Amino acid sequence: MRRTTVAVGIVLLLGLAACSSEPDSSGPVSTPPTPQPTPSTPATPSTPPVETNTAVPVWSKVMRQPVDGQHLVTQQRKYVVTRGSDEAGITTIAVKGSKKAVVRHVPAKGFVAQSPVVIDDRWALVQDIRSEGPNPEIMVVRYDLTTGAKSGLGKLPKVSEPEIGAYDGTFAYTSTDGRNRSCLIVAELAALSARTVGCVAAPGYLADPVVSKDSVTFSEISAPETPRRCKRVLTAALSGGPARPVPAATKCIQWSGASVGGATVWSEVAASDPDQYRSKAYLRESADSPSRPVGEIATDTILACGNWILWETRTVDADGTESFQITRWRSGLPKPQRIYTGKPGVALTPMTCQDNTVYVEAADLSASPTYTEALAAALS
C-alpha cells in the first residue's frame with residue numbers, strides 16, 4: 001500500500017474507512033495481446049441524441065442514526081450492509097426485510113474495515129487493511145450469505161492496493177504479479193473469475209478503479225515520489241480489450257474518473273496542490289469528442305451508476321460554512337444536472353451504487369445531537 005485515498009472531510013470525522021495524460025515514452029500500461037481487427041473505414045463520429053428524460057430523482061430516507069452509531073455502507077435488493085463507528089469498523093450484513101443478521105464481520109486486531117463491500121444475491125466481499133506499523137497488509141474475505149461461512153478469493157490474484165472499485169457483483173482492484181508489476185484485475189464475485197486489464201513495471205503502479213456497467217476506469221502513476229511524477233486516467237471495456245488513455249486537459253495531473261456508454265468524466269489536481277480536496281473536472285461524450293470543463297468538484301467522488309456518472313461538489317460560504325451538492329450527467333445531456341443540494345453545515349460521504357440506485361450519507365454536525373442520515377435515489 002503506497003498511498004492513502006483522498007476523501008471528503010466528513011469521512012475522517014465519522015471514522016468511516018475509507019487519487020494527464022503522460023507521453024507514451026513514460027511506460028504505458030501493458031495489456032495481454034489481442035487479435036487485430038480487420039481494417040475498415042473509420043466511422044464518422046455521430047452526435048449523441050439530446051437527452052430528454054431528465055426528471056430529478058426523488059431521494060428517500062433509508063436510515064437515521066447518531067454520528068457514533070451504525071452507518072450505511074450499501075443496500076442491495078436483498079441485503080443491507082452497515083458498519084459501526086467503532087475503531088475497527090465492524091460490518092454487519094442483514095436481510096433487508098427481516099433485518100436478520102447473516103454476517104457480522106469483525107476485523108482482526110490492528111486491522112480496519114475498508115469500503116466498499118462488494119455484494120450480490122449470494123456473496124459478499126469485505127476488505128480490511130492494516131496501514132500502521134512496519135508490515136502494512138490487506139485482508140479480503142468472501143462470505144456465503146446463505147450460510148454465513150467465509151473463505152478467501154480462491155485462485156484470484158492477491159489484492160495489493162487498498163482501493164476496490166465495485167459495481168454490483170463485478171469488482172476491480174490492483175495486484176502485484178510475479179514480475180513485481182502492478183496489474184489491474186477485473187473479477188466476478190460469484191464465479192471468482194478474473195482477467196488482467198494491464199500491468200505497469202515498478203515503481204509505477206495502478207490505482208483508483210471505478211467500475212460501471214460496461215467499463216473500468218483507473219489511474220496509472222509513473223515515477224512516484226519524484227519530480228517527474230505523472231498520473232493519468234485510462235479506461236477499458238469490461239467485455240475485454242486494451243485500456244485506452246483518457247486525453248487530459250493538463251498532462252500528468254489526472255486524478256480519477258468514471259466511464260459508461262463511451263462517455264467519461266474525470267478530474268485533475270496536482271499532487272503538489274495544497275488543497276487536494278478540490279479538483280477541476282471535465283467530461284467527454286466519446287473517445288473522439290472534445291472535452292468540456294465541468295468546474296470544481298470534490299476529489300475522489302466521481303461514480304458511475306446505471307447510465308449515469310455522478311460527482312459531489314463543495315462550496316464554502318464567506319463565514320467558512322461548507323455545503324455539498326450532487327450532480328449527474330450522461331452522454332446526450334446538454335449539461336450536468338444538479339440532483340441534490342445540502343443545507344449549509346451538512347457534509348456528505350462518498351456515494352455508492354447498487355442495483356441502479358445511488359446511496360450517500362448526509363451528516364449534520366451542527367445539530368444537537370449530531371446525526372447522519374442515509375439517503376437513496378433510484379436512477380432511471
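This is a predicted model: local features need pLDDT of at least 70, side-chain atom pairs count only at pLDDT 80 or more; totals for chains, interfaces and linings use all residues.
1. **The disulfides overall.** The structure holds three disulfides. If you count the bonded cysteines along the chain, the pattern is 1-2, 3-4, 5-6. As a reminder, a disulfide is a covalent bond between the sulfur atoms of two cysteines.

2. **Cys183 and Cys199.** The sulfur atoms of this pair sit 2.1 Å apart. Cys183 belongs to strand β12 (residues 181-188) and Cys199 to strand β13, so the bond ties together parts that are 16 residues apart in sequence. The link is right-handed, with 105° about the S-S bond. Cys183 counts as buried at 5% relative accessibility, and Cys199 is buried too, with a relative accessible area of 5%.

3. Strands β12 and β13 belong to an open sheet of four strands, ordered β10-β11-β12-β13 and paired antiparallel. Its edge strands, each pairing on one side only, are β10 (165-167) and β13 (194-201). From one strand to the next, the twist averages 20°. At the β10 end, three bridges join β10 to the antiparallel strand β11 (residues 170-176); for Gly165, the bridge partner in β11 is Ala172.

4. **Cys230 and Cys252.** This disulfide has an S to S distance of 2.0 Å. The torsion about the S-S bond is about -85°, so this one is left-handed. The pair links distant parts of the chain, 22 residues apart: Cys230 is in strand β16 (residues 230-237), while Cys252 is in the loop between β17 (244-245) and β18 (254-260). Cys230 counts as buried, at 3% relative accessibility.

5. **Cys305 and Cys353.** Here the sulfur atoms are 2.1 Å apart, and the link is right-handed with 75° about the S-S bond. Because Cys305 lies in strand β22 (residues 303-305) and Cys353 in strand β27 (residues 352-354), the pair ties together parts that are 48 residues apart in sequence. Both Cys305 and Cys353 are buried.

6. **Glu268, worth a look.** Glu268 lies in strand β19 (residues 263-268). The residue is buried yet has no salt bridge: Arg284, the nearest side chain of opposite charge, is 7.8 Å away.

Definitions and conventions: Residues are numbered from 1 along each chain as its sequence is written. Side-chain values use heavy atoms; hydrogens and water are left out. Two strands pair if DSSP finds at least two bridges between them. Helices (H or I, at least four residues) and strands (E, at least two) are DSSP runs, numbered from the N terminus. Axes are lines fitted to C-alpha atoms, for helices over the stretch in contact, and angles run from 0 to 180 degrees between N-to-C directions. Buried means under 20% relative accessible area, exposed over 50%, partly exposed in between (1.4 Å probe, protein chains only). Lys and Arg count as positive and Asp and Glu as negative; His and the chain ends are not counted. A salt bridge is a side-chain nitrogen of Lys or Arg within 4 Å of a carboxyl oxygen of Asp or Glu. A disulfide is a pair of cysteine sulfur atoms within 2.5 Å.
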